[in-house]
Amino acid sequence: MIHEIFPVGPLQCNCSIIGDETTREAMVIDPGDDINDILETIRKHNLQVKQIVITHAHIDHVGGAMKLRAVTSAPILLNENDYALLNMLDAQADWVGMPAPGKVEIDQSVTTGQTVSAGAHTAQILHTPGHTEGSICLYFAPEKKLIAGDTLFAGSIGRTDLPGGSMQKILRSLHNTLLALPDETIVVPGHGELTTIGEERDTNPFLIRR
Ligand SMILES: [Zn+2]
């Protein structure tokens, strides 16, 4: 598996490029900004982007999606429960002081029970509401790797004070869905350092059951 992770934009959203070494097919997860850097990495590995997957409709995760679609013709995937947030990108741009990216068109809604693939590498979609109504994670079971968006961070969890956020829902998503994964699962959060499910189960102050 080719997996490049790099922070993009002023809020340093972790963008992932996942590719198949044989077929050269790829998916890009959360192209929030810095599309030229993303395209450079795609060219470096000689990859063809087949899908653009958005973990949730916050501007730092979705801001560059239309630019990337224009170059690659790959469809943009987002859970439909975040379509309302997507219509608030202008307001979101004001909150964080970023230029508004214009309208983002979604080609397909994805949710639990569906999969997305880059060649031979397939991820299960896990709908994990709480940070936003439509937050999803991607779980690559054979590789034991989780792309967590802003649902789980090393030592913390996603904020729930923005529109669509719910502390009750994010805790349910974390306990019922993410902590059900094996301890050795590598977690790639939406921001910051990588971690594992086992590490967070043992030490994350939001997840330790008292
Ligand atoms: Zn977010």
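## Contacts and basis

A contact here means heavy atoms within 4.5 Å. Of the contacts in the chain with a separation of 6 or more, 58% are made by residues 24 or more positions apart.

This is a predicted model, in which local features need pLDDT of at least 70 and side-chain atom pairs count only at pLDDT 80 or more, while totals for chains, interfaces and linings use all residues. Residues are numbered from 1 along each chain as its sequence is written, and side-chain values use heavy atoms, with hydrogens and water left out.

## Overall form

The chain holds seven helices and 13 strands, these being DSSP runs numbered from the N terminus (helices H or I, at least four residues; strands E, at least two). Its radius of gyration, taken over C-alpha atoms, is 16 Å, close to the 17 Å that the globule rule (2.2 Å times the number of residues to the power 0.38) gives for 210 residues, so the chain is as compact as a globular protein of that length.

## Interior

Of the 210 residues, 52% count as buried, meaning under 20% relative accessible area, with exposed set at over 50% and partly exposed in between (1.4 Å probe, protein chains only). In the largest nonpolar core, which has 30 residues, Val-28, Ile-38, Ile-42, Ile-52 and Leu-68 touch the most other members; such a core joins buried Ala, Val, Leu, Ile, Met, Phe, Trp, Tyr and Cys residues through side-chain atoms within 4.5 Å. Helix α1 (residues 35-44) gives the largest share of this core, four residues.

## Surface

Ile-186 lies in strand β12 (residues 186-189) and counts as partly exposed because its relative accessibility is 32%.
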